[in-house]
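Walk me through this structure.

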Number of protein chains: 2
Amino acid sequence: MSELNWQKIAKIAQEHRDASIRHVEPSVPEVPVQLPFDRTQIPKYLLTPEEVLITETQPEDLIVSLAAGKFTSITVTSAFLRRAGLAQALTNCLTELLPERAIARAKFLDEYFKEHGKPIGPLHGIPISVKEHFAMKGLTLNAGFVSWWDKKGEDDAHVLKILWNAGCVFYARTTEPQSLMHLETSSNLYGATTNPFNSRLTSGGSSGGEGALIGMRGSCLGLGTDIGGSIRSPAANCGVYGLRPTSYRIPTEGLSATMNGQEQIVPVLGPLSTSLDGVKLFMKTVIGAKPWLREPSLIPFPWRDQESWFRASSSSEIIRIAVMWDDRVVRPHPPITRALLEVVEKLKEVERVELLEWEPHAHDEAWEIVSSLYFCDGAREESDAIEASGEPWRPLSTFIIKDNPNVKKLSVDEIWYWTQRREAYRRAYAKIWNETGTRVGDTGDLQGMVDVILCPVGPGAAPPLDCARYWGYTSQWNVLDYPALVFPVTKVDLEVDKVDNGYKPMNDKDRYNHELWQSGPEKYKDAPVSLQLVGRRYEDEKVVEALDIIKDRIGLPFANFV
Amino acid sequence: MSELNWQKIAKIAQEHRDASIRHVEPSVPEVPVQLPFDRTQIPKYLLTPEEVLITETQPEDLIVSLAAGKFTSITVTSAFLRRAGLAQALTNCLTELLPERAIARAKFLDEYFKEHGKPIGPLHGIPISVKEHFAMKGLTLNAGFVSWWDKKGEDDAHVLKILWNAGCVFYARTTEPQSLMHLETSSNLYGATTNPFNSRLTSGGSSGGEGALIGMRGSCLGLGTDIGGSIRSPAANCGVYGLRPTSYRIPTEGLSATMNGQEQIVPVLGPLSTSLDGVKLFMKTVIGAKPWLREPSLIPFPWRDQESWFRASSSSEIIRIAVMWDDRVVRPHPPITRALLEVVEKLKEVERVELLEWEPHAHDEAWEIVSSLYFCDGAREESDAIEASGEPWRPLSTFIIKDNPNVKKLSVDEIWYWTQRREAYRRAYAKIWNETGTRVGDTGDLQGMVDVILCPVGPGAAPPLDCARYWGYTSQWNVLDYPALVFPVTKVDLEVDKVDNGYKPMNDKDRYNHELWQSGPEKYKDAPVSLQLVGRRYEDEKVVEALDIIKDRIGLPFANFV
């Protein structure tokens with residue numbers, strides 16, 4: 001690396017990306033020089049009507065069309081390659097496209113289909129986009145560090161092998177931030193990924209390349225990872241679905257990152273998708289492949305979509321939803337609270353939904369715990385990886401590492417101390433579930449427990465670049481290891497979402513967030529507003545089923561995202 | 001503690017124990033001054049015929065008798081209190097009896113039964129013995145350290161609350177070794193616990209008080225813990241059943257020990273019992289109480305005894321058993337190999353059993369990993385706790401801490417390194433399961449996988465005191481976090497179990513073990529010989545069901561243990 005400075009390496013990386021996009025056939029259309037802030041509509045004018053139709057079809061429907069032979073895999077793959085190329089031009093969300101191998105794969109699948117008259121597997125022909133974080137044999141694996149630019153995947157990540165066996169097509173790799181530890185996506189290799197709905201805002205992160213690509217409909221199903229909000233922040237910011245599963249359900253073997261061997265706060269892998277069914281499809285396919293046989297850290301139980309979670313957990317089919325309006329640390333911006341209110345008002349109108357209030361328990365303490373455990377080597381690995389190339393620290397790397405008072409090199413005793421604090425906090429939170437609105441039955445069992453918590457995903461819609469400095473609404477559920485599902489609800493509406501001049505912030509974090517909105521709500525124009533549904537540990541299926549029922553009953557989302 | 005030296009504290013502890021036994025009514029009979037090495041038969045001559053009958057009844061039958069009103073809870077409790085008192089005199093297995101609270105509880109249960117005409121719960125009236133390691137409100141909690149002698153339980157351990165709610169009676173607390181990290185049971189508070197079948201040998205450990213008490217039939221169901229063999233070693237040495245469950249299935253909240261917060265090698269809690277059904281009863285009752293609602297580290301899935309594990313995992317009901325004769329580090333003594341051979345010969349005669357050979361994979365490496373992770377603070381907590389009172393280091397504490405080259409104070413990086421080594425080892429072992437005797441089906445699924453491994457529990461029967469210096473046959477499954485079930489098979493038979501003068505030991509550990517036998521097999525006279533059935537992670541139910549079928553088909557055990 002002696003003769004290459006970081007700028008030259010970044011140039012090589014970007015040239016590689018651009019060259020990969022040039023190999024798409026037919027070539028990706030040029031985008032206009034003058035662009036609106038909301039870029040989601042541009043591809044509709046530049047692609048063929050069939051390409052628009054295909055790329056705006058939800059994955060569960062695309063599968064049916066592919067399995068019926070209505071579309072070939074080549075047609076579908078080509079449409080997504082072209083729209084992904086446009087998404088790159090419009091949001092800077094890719095590290096590379098894989099046109100040659102994707103088309104070769106599609107061709108193979110089409111031939112298989114022709115020969116056997118049936119799909120090769122449950123994901124036959126579905127294009128899946130993947131964060132650069134996941135190893136693919138022979139391709140880059142840099143975790144957002146310039147100094148890691150020449151690391152290559154030695155084998156495909158475990159989850160990719162499963163999806164491949166199910167019949168999918170890999171065609172796009174997406175951006176991630178320096179160190180992977182931002183709720184935005186900017187690196188010195190590729191620059192910043194922007195929000196499809198408002199280019200002045202971030203796409204979120206760290207799976208922000210996925211968020212932007214799927215928000216642009218350059219993908220219908222993509223893979224991200226989440227240790228503090230990295231699936232949910234981009235899903236929320238870009239108006240798509242995203243699930244942070246409970247730990248040890250989805251394989252993580254083959255991810256490239258720092259902190260390997262750290263198990264106190266476990267990074268998880270999960271889907272982002274244009275539909276809730278896309279999320280289900282991913283979970284069901286991956287868990288159905290019994291990944292625990294090859295990755296023994298995983299817990300061996302099936303995806304339990306046969307059970308009715310609500311019938312099982314109470315005497316009738318009532319869903320008990322507890323609403324958390326605010327975490328009492330940082331108050332959400334007006335559009336978030338409005339979205340919650342709109343959902344709650346609709347839920348009040350439907351039958352068999354019981355609404356309760358969720359009292360947050362010491363969410364500031366949860367942040368102290370999680371941020372003490374994230375970098376328990378004092379972030380030595382991250383610092384080394386950044387400094388090895390001479391690349392500058394991105395502002396949010398500085399924020400989460402250098403300016404974070406909880407980042408310290410811990411001793412064994414200190415790790416044990418924080419681990420015990422984490423467990424005590426998890427038990428305290430479990431107690432709240434056990435006691436919120438419950439009755440104790442004759443045999444001492446708990447009846448009428450809260451099924452899911454409905455809450456914000458962040459303290460606002462997507463912020464401007466370098467401003468995502470409050471993780472609490474997402475990292476809270478990483479500390480607790482709860483499944484958390486993000487779904488689009490509405491968009492910022494400057495007609496109704498006003499500033500609040502009377503509010504007195506509770507603390508510095510609250511003040512920072514409050515002023516982001518207060519100083520100019522117009523910068524958030526058109527930004528998606530999403531919410532989060534959270535369940536108890538390992539109740540991933542229940543959370544998904546709850547959202548399915550809620551969507552069905554109240555007709556979510558309330559705005560148009562395509 | 002200034003005015004008390006360790007000898008005085010030990011005296012206080014022993015006097016407390018003796019006083020508690022004196023409170024049993026009718027009083028515990030005196031044991032003869034001259035005793036044989038095999039002490040299991042003594043109680044039969046000193047108790048009433050009804051007491052002998054009750055205490056030699058297996059827990060599943062005792063439950064039926066109690067639920068039918070054939071025995072009162074007082075009658076049953078009193079019988080076990082008296083036999084436990086004898087077991088103390090014969091094997092030194094108790095830290096205290098709890099006659100007052102046990103009889104009060106039994107009285108309450110009898111009144112409940114009289115009033116309601118039915119048992120209070122699934123364990124109505126069953127006496128359960130508990131290792132001192134488990135918190136009971138207001139009682140000692142010393143983990144075998146003299147300096148911890150005045151620690152008291154603040155609340156009952158979670159598992160005890162569940163068993164209490166199910167109707168059990170707590171009546172006896174049992175010994176454990178200094179630091180809990182021996183495969184024997186000796187402390188400076190209570191001395192050494194001896195083997196019921198041969199008082200020159202150890203009962204095993206660290207749950208060796210339970211092993212001896214249950215082996216003596218002073219208990220039919222007891223609770224131990226296991227981080228390297230501490231349930232299985234005493235179960236094996238004392239001729240009873242013992243299960244080390246997979247981690248995070250049984251609550252561990254309320255155990256007193258060093259290394260709280262250490263999660264790399266997780267200590268687990270499990271049952272020892274006079275019967276396999278006793279093991280099942282415990283697992284089913286505890287897991288059926290949904291302990292994960294209160295202890296969120298636990299994995300929320302039921303005890304799956306409704307599934308046929310063997311029908312489910314293959315096209316017919318064949319059980320595939322892989323036999324591991326030897327771990328290639330330390331060769332088992334002749335009686336162990338003979339017991340394995342006898343079981344295998346019988347299994348060959350029955351239908352629908354497929355026998356394979358299990359090729360051990362780097363079991364020496366597994367020990368390096370596990371023993372590097374046990375004491376990753378360099379055993380500072382243990383050393384401090386021993387040295388605080390001036391008590392001497394017991395030989396096996398010195399062995400596992402001071403003489404163990406893998407005990408080092410680790411840095412964060414080193415902990416991560418060893419954690420990654422552990423995961424890599426677990427994956428390598430999973431690969432062997434996936435490839436041993438399997439066929440790959442049409443859809444890429446694995447068919448005909450090994451169901452269980454049949455193997456030794458240790459490199460010999462119970463050794464003389466201070467000689468249990470090879471953990472590999474049990475700690476192996478802690479590294480892998482596999483469920484492992486111990487069951488009695490036969491006894492040492494000096495007529496057939498001979499020395500082998502031609503054997504050349506493979507290494508120092510093997511030599512030490514070889515010479516233990518070679519130097520005088522007669523010291524092992526009558527010692528129980530047990531074996532171990534091991535399953536993949538979280539297949540606890542499968543292991544239990546497999547043993548049930550095996551027992552049924554070949555008529556285990558081959559010797560009489562009562």
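A:K348 and A:E345 form a salt bridge, with their closest N and O atoms 3.5 Å apart. A salt bridge here is a side-chain nitrogen of Lys or Arg within 4 Å of a carboxyl oxygen of Asp or Glu. The two residues, A:K348 and A:E345, are three apart in helix α12 (residues 334-349) of chain A, so about one helical turn separates them. An α-helix has 3.6 residues a turn, so residues three or four places apart point the same way. Helices (H or I, at least four residues) and strands (E, at least two) are DSSP runs, numbered from the N terminus. A:K348 counts as exposed, at 55% relative accessibility. A:E345 counts as partly exposed, at 37%. The classes are buried (under 20% relative accessible area), exposed (over 50%) and partly exposed in between, with a 1.4 Å probe and protein chains only.

The model is predicted: local features need pLDDT of at least 70, side-chain atom pairs count only at pLDDT 80 or more, and totals for chains, interfaces and linings use all residues. Residues are numbered from 1 along each chain as its sequence is written, chains are lettered from A and ligands numbered from 1 in the order in which they are written, and side-chain values use heavy atoms, with hydrogens and water left out.

Back to the charges. Side chains of opposite charge can pair when their charged atoms come close. Over all chains, the count comes to 70 salt bridges. One of them joins the side chains of A:E56 and A:K44, at 3.0 Å from N to O. A:E56 sits in the loop between α3 (49-55) and α4 (59-67) of chain A, and A:K44 in helix α2 (residues 42-46) of chain A, so this pair ties together parts that are twelve residues apart in sequence. Both ends are partly exposed: A:E56 has a relative accessible area of 25%, and A:K44 has 24%.

Another pair spans a longer stretch of sequence. Which residue does A:R421 bridge to? A:R421 forms a salt bridge with A:E368, and the closest N and O atoms are 3.5 Å apart. This pair links distant parts of the chain, 53 residues apart: A:R421 is in helix α16 of chain A, and A:E368 is in helix α13 (residues 363-374) of chain A. A:E368 is partly exposed, with a relative accessible area of 32%. Elsewhere, a network of salt bridges links A:R249, A:R304, A:D540 and A:E541.

Now turn to the interface. How many residues of each chain take part? In chain A, 38 residues are in contact with 38 residues of chain B; contact means heavy atoms within 4.5 Å. The area buried between the chains is about 3,500 Å², and carbon and sulfur atoms give 58% of it. Buried area is the accessible area (1.4 Å probe) that two parts lose on being put together, summed over both. On the chain A side, A:L293, A:P296 and A:W416 lose the most area to chain B, together 20% of what that side buries.

Six salt bridges are counted between chain A and chain B. One of them pairs the side chains of B:R380 and A:D413, at 3.4 Å from N to O. The largest share, twelve residues, comes from α16(A).

The two chains superpose by a rotation of 180° with 0.0 Å of shift along its axis, at RMSD 0.0 Å. The same surface serves both: 100% of the contact residues of chain A recur in chain B.

Finally, look inside chain B. Helix α15 (residues 395-402) has the buried residues B:L396, B:S397, B:F399, B:I400 and B:I401. These pack against α13 (363-374) and α14 (380-387) of chain B.

B:L547 lies in helix α19 (residues 540-554) of chain B. Is B:L547 buried or exposed? B:L547 counts as buried, at 0% relative accessibility. Beyond its neighbours within four places in sequence, B:L547 has contacts that include B:Y241, B:L276 and B:F487.

B:T490 belongs to strand β16 (residues 484-491) of chain B. At 7% relative accessibility, B:T490 counts as buried. Again leaving aside neighbours within four places in sequence, the contacts of B:T490 include B:R338, B:E342, B:P528 and B:F561.

Definitions and conventions: Least-squares fit on C-alpha atoms with pLDDT ≥ 70 in both.
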